[in-house]
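Subject: Model for you to look at

Hello,

Here is the model I promised to pass on. Please load it first, then read the notes below it.

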Protein chains: 2
Amino acid sequence: MTAIHVALLGYGTVGKGVYRTIEKHQERLKTILGKEVKIVAILVKELEKHQWVNNEVLFTDNYTDIINLPKLDVVIDAIVGVEPGFSYLRQAINRGCHVITANKEMFAHHGTELLSLAKEKNVSLGFEATVAGGIPIIQTLKKLLNANKVDKVEGILNGTSNFILTKMREENLSFEDALKLAQEYGYAEADPANDIEGVDAFYKAVILSEVIFGEQPEWEQTITQGIGTLTLQQIKLFESLGLRFKHVASLQKSNTEIQCTVRPVLVTNSHPLYQVEEVQNAINIEADIVGNISLQGPGAGMFPTASAIVEDLIHIGDKQLASSPEDSLFFEKETKENIWALHGEIDNLLLSDDIRISKEIHPQVVLVETTVERIINLKTSHEICCFEVLGNIEEDKVLHGELIKEENINHSY
Amino acid sequence: MTAIHVALLGYGTVGKGVYRTIEKHQERLKTILGKEVKIVAILVKELEKHQWVNNEVLFTDNYTDIINLPKLDVVIDAIVGVEPGFSYLRQAINRGCHVITANKEMFAHHGTELLSLAKEKNVSLGFEATVAGGIPIIQTLKKLLNANKVDKVEGILNGTSNFILTKMREENLSFEDALKLAQEYGYAEADPANDIEGVDAFYKAVILSEVIFGEQPEWEQTITQGIGTLTLQQIKLFESLGLRFKHVASLQKSNTEIQCTVRPVLVTNSHPLYQVEEVQNAINIEADIVGNISLQGPGAGMFPTASAIVEDLIHIGDKQLASSPEDSLFFEKETKENIWALHGEIDNLLLSDDIRISKEIHPQVVLVETTVERIINLKTSHEICCFEVLGNIEEDKVLHGELIKEENINHSY
């Protein structure tokens, strides 16, 4: 069996995510692609900062070593900044390698050039990971664009600024304190300017513009407004009026000009972006025939970004969807506690051993926790209705209560 | 230039939507497909119920007339019910036609059989329109499944039952009155049982199960609970506790068994399904590498469904995405009124002619309406901050105020 030889540029969060994902899911990849995916080289900036023990992988700080490898099929770009990423990928394409990039700044600047070079050299160029991490926005847009003209796109494309706005509002933090919190969580860089000034979101909007309109907005015409000037007082005032601040990137074509803005806007609770909180990303697409479509998901992070890269890798493999994944490819399922609300005569409530009362939230409503997946099947009193609860119950609402024995259950349901 | 010859089965809401979409967007289709799309025949149940004036199209109640047409490339199924849809499509595939269906009941029953027949005959079978209308859920799942194992899917897959639950809660209606309202709006059939009992959502879940797991859940094992037993009192009680009822279809694979349920559940306001209201559909996908992805959009209706069908049609055309749509394909843009919130010293507020004050909602906040797209560019007092408002401001909040002249604007911003 031949293998697909992959070089990985960069071994930070995204690079590690790709490495671990490919290693962990070797079997699945082999089944889908019919070939083993072999990471043959990893490029790092400073060798001494990394410990490396896998002798089968070339671990180097010299790109020349990589580009001259005798066997090299795919180069994955997981570094940041326009250079050296652009030069590296150009070399790789010129050599006839397929390339996949997660580098939005580089791709916003040189995507068009790389795409046309890739076309000329007849190799693939995947860039799903450059915009909104794990949300398959590029593919969805391409699909919609088959039949629709997309009129407008609005999105929360930067998780860090959304996290800051969420924490300011929820925890009454100043901008500075919320930023500090984002840095403690590892969401914001030491220099967070690109995130909070909207530059990162702008790069992503530029890439979306290329996909949707086939061209970029005028960079100089774009209005990019950061969130650093919003005060806690403003955020709380508008919250009291039912409005939330979101840092929204927007793209729209009117006549021949593409308008792009990145700025704080207010959203009402009927708008799909209203409940997009913390580091989540989301995108609304207005298309002429289908109407409005929204997508929401993890916009960044080790594994969501790795997922987008591996999807591109498989796309390069040019295989059809494995619509019947084998059971052997399935992982073990974790047993998860579910929350259910029971409504009725609480006095009569009698539960089995595997159901734990967590909190009475109303004289007629009790929340229970259980690993039983189908409480609906349980025999309960006919006066009790059971409904599963989806979403997070705030921590302080969940109190662990005592167990009640099954023998006392009223079986008349 | 050759043409793609299409027969349309059914001329109800979906059929009409497909016909009008193809007619209206002829130029776009020609550009993308390189061929004209020609609707050559339409099948209806009762000829006398329709008026038809286009003599170039065979309008018939006899399928034999259609299947024996000398030129026929694609058959689009926009009728309901297992039969005669299944037999018609089988005949079409056997003749070598590509087929596209929006018929979920038929496809839930016979999708596997039709897919394998289509493979054997080397024709395409598109079924994007069978689940969640305009939301490109089938393609998104296929894309995610390239790299991910999907663990679980939860969705609001029936617009009618979601509409009823929304109206009961928002307008304090009994189930019966909300159902009546849905029928008045044309959302619910005269016999609404399939929608409110969860049967329609179950069919869609079966189709999703085929895509995700390559097999169907056991029909007999599925728990389908309707919304007809929910009382207004229950809905209001849980609303007061911060929870909303949603009619959710859920699919999950544990070990080798696929569990499928359709039932009312409670969702918290942090859950993506919480703000999915009225006739909207939405789907959450839990995938093992990428995490959670949500999609939301119009689940039914004339044009969203037509969009999904036309997307499938173009997919059959086997063309790459037209990534640079020509300007000539773009429609005229409507001029839209935007709402902005101005925050600051309202007394100093001085606006130009094209901005209309719509309501003061707080001593320091005024809403304005304008067709100006970038109020941000306007010179305003430095004490005034301007934020665009996305989402619906409830009708009663928007009052049309008087105009204030630009000459008085403070240009110090």
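Buried means under 20% relative accessible area, exposed means over 50%, and partly exposed is in between (1.4 Å probe, protein chains only). By that rule B:Ser358 is buried, because its relative accessible area is 3%.

Some conventions. This is a predicted model, in which local features need pLDDT of at least 70, side-chain atom pairs count only at pLDDT 80 or more, and totals for chains, interfaces and linings use all residues. Residues are numbered from 1 along each chain as its sequence is written, chains are lettered from A and ligands numbered from 1 in the order in which they are written, and side-chain values use heavy atoms, with hydrogens and water left out.

B:Ser358 first. It is found in strand β14 (residues 355-362) of chain B. Helices (H or I, at least four residues) and strands (E, at least two) are DSSP runs, numbered from the N terminus. B:Ser358 and B:Ile339 are 19 residues apart in sequence, with their C-alpha atoms 8.6 Å apart in space.

Chain A overall. It has 12 helices and 16 strands. Of its 413 residues, 58% are buried. The accessible surface of chain A is about 17700 Å², and carbon and sulfur atoms hold 46% of that (Shrake-Rupley method, 1.4 Å probe; for residues, only the protein chains shown count as cover). Take contacts in chain A between residues at least 6 apart in sequence: 68% of them join residues at least 24 apart. Contact means heavy atoms within 4.5 Å.

A helix pair in chain A. Two packed helices are described by the angle between their axes and the distance between the axes. Helix α5 (residues 104-121) and helix α10 (residues 199-213) of chain A pack at about 35°, and their axes are 8 Å apart. Axes are lines fitted to C-alpha atoms, for helices over the stretch in contact; angles run from 0 to 180 degrees between N-to-C directions. The crossing of α5(A) past α10(A) is left-handed, that is, the near helix is turned anticlockwise from the far one by less than a right angle. From α5(A), the residues in contact are A:Lys104, A:Glu105, A:Phe107, A:Ala108, A:His109 and A:Thr112. They meet A:Asp200, A:Tyr203, A:Lys204, A:Val206, A:Ile207 and A:Glu210 of α10(A). The residues of this contact divide into five nonpolar, two polar and five charged. Here Ala, Val, Leu, Ile, Met, Phe, Trp, Tyr, Cys and Pro count as nonpolar, Asp, Glu, Lys and Arg as charged, and the others, Gly among them, as polar.

Helix α4 (residues 85-95) of chain A. Its buried residues include A:Gly85, A:Phe86, A:Tyr88, A:Leu89, A:Ala92 and A:Ile93. They cover an arc of only 160° around the axis, so they lie on the same side of α4(A). The arc is that of the directions from the helix axis to the C-beta atoms. Just after α4(A), A:Gly96 takes a positive phi of about 100°.

Backbone points to check. The peptide bond from A:Glu83 to A:Pro84 is cis, with omega near 10°. A:Pro84 sits in the loop between β4 (74-77) and α4 of chain A. In chain B, the bond from B:Glu83 to B:Pro84 is also cis, with omega near 10°.

Which residues other than glycine have a positive phi? One is A:Asn122, with phi near 60°. It is in the loop between α5 and β6 (125-126) of chain A, and is exposed at 66% relative accessibility. Another is B:Glu278, with phi near 55°. It lies in the loop between β10 (257-267) and β11 (280-287) of chain B, and is partly exposed at 28%.

Best wishes
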